[in-house]
Amino acid sequence: MKKLFTLLVLPLAFMMSACSGGSDDSQQETETTSDVRTIDVYGIDQMKYVVKEEAEGLQTGETYTVNGEDYFLLEGINATTGEEMKIALTTISKIPASAMSHNWVLLDQGADAQAFNAASIKAKDNEYIAPDMTNMVLENTAMAAGGETVEVEFAAPDSTGDYEYLCTFPGHYAGGMKGTLTVQE
């Protein structure tokens with residue numbers, strides 16, 4: 001029986017994976033791969049997080065046009081406790097990195113985002129993360145300059161509630177580059 005299984009199932013599995021087609025250049029805004037939900041987020045010169053499409057689990061707002069393409073303001077993300085997630089942040093900008101870069105920082109529940117940001121904008125040598133406040137950070141990406149993509153993969157917190165995320169590059173939080181990760185069971 002085991003030999004029959006090996007003779008029939010393994011070649012079939014190989015054929016299915018080989019015939020699954022090439023890569024799809026038009027990525028979905030939110031896709032599930034290997035049980036990890038990937039959210040493609042874009043940082044734009046208007047100091048906002050945006051997404052290309054409205055999708056389930058994303059809270060979106062007004063539309064921004066960047067380089068002739070429409071994007072939706074990303075106001076929040078819904079997740080379930082322990083959900084495996086990946087944030088892929090791409091900066092769309094032609095401004096030099098010293099004047100326009102973005103990161104994505106997820107703070108612990110109840111953290112004072114305004115105080116964290118005020119301290120972090122002075123921490124240029126530490127990717128704009130205040131060294132004495134890292135205990136407030138659950139997850140974060142590195143800084144991404146124009147055309148760069150940075151990623152962070154993590155499990156959503158086990159405690160339900162709201163967790164604020166923000167960009168700590170100087171002026172960006174005040175400009176509205178923030179949102180809320182809402183975790184539910």
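**Entry 1: the model.** I am working from a predicted model, and I keep that in mind for each entry below.

**Entry 2: where N103 sits.** Is N103 buried or exposed? N103 counts as buried because its relative accessibility is 0%, and the cut-off for that word is under 20%.

**Entry 3: what surrounds N103.** I then asked which side chain makes a polar contact with the side chain of N103. The partner is the side chain of T168, at 2.8 Å. Setting aside the neighbours within four places in sequence, I listed the residues in contact with N103, and among them are Y49, L89, E127 and I129. The list also includes T141, A142 and M143, as well as L166, C167, T168 and F169.

**Entry 4: β5 and its antiparallel partners.** I turned next to strand β5, residues 69-80, which runs antiparallel to β3 (residues 48-51) and is joined to β3 by 2 bridges. Across this pairing, V50 stands opposite L73 of β5. Strand β4, residues 58-66, is also antiparallel to β5, with 7 bridges joining them, and here I77 of β5 has L58 opposite. I looked at the turn as well: the hairpin of β4 and β5 has 2 residues between the strands, and N67 takes a positive phi near 50° there.

**Entry 5: β5 beside β11.** In which sense do β5 and β11 pair? The pairing of β5 with β11 (residues 178-184) is parallel and extends over 5 bridges. I noted two positions along it: T80 stands opposite Q184 in β11, and the bridge partner of I77 in β11 is L181.

Entry 6: I followed β11 onward to strand β10, residues 161-166, and found the two joined by 6 bridges in an antiparallel arrangement. L181 in β11 is the bridge partner of Y163, while Y165 stands opposite G179 in β11. Strand β10 is in turn joined to β7 by 2 bridges, again antiparallel, and L106 stands opposite Y165 in β10.

Definitions and conventions
Residues numbered from 1 in each chain as written. Predicted model: local features only at pLDDT ≥ 70, side-chain atom pairs only at ≥ 80, totals over all residues. Heavy atoms only, no water. Buried < 20%, exposed > 50% of the residue type's maximum accessible area, 1.4 Å probe, protein only. Polar contact = N/O pair within 3.5 Å; in protein donor to acceptor, adjacent residues only side chain to side chain. Contact = heavy atoms within 4.5 Å. Pairing = 2+ DSSP bridges. Helix = DSSP H or I, 4+ residues; strand = E, 2+ residues; numbered from the N terminus.
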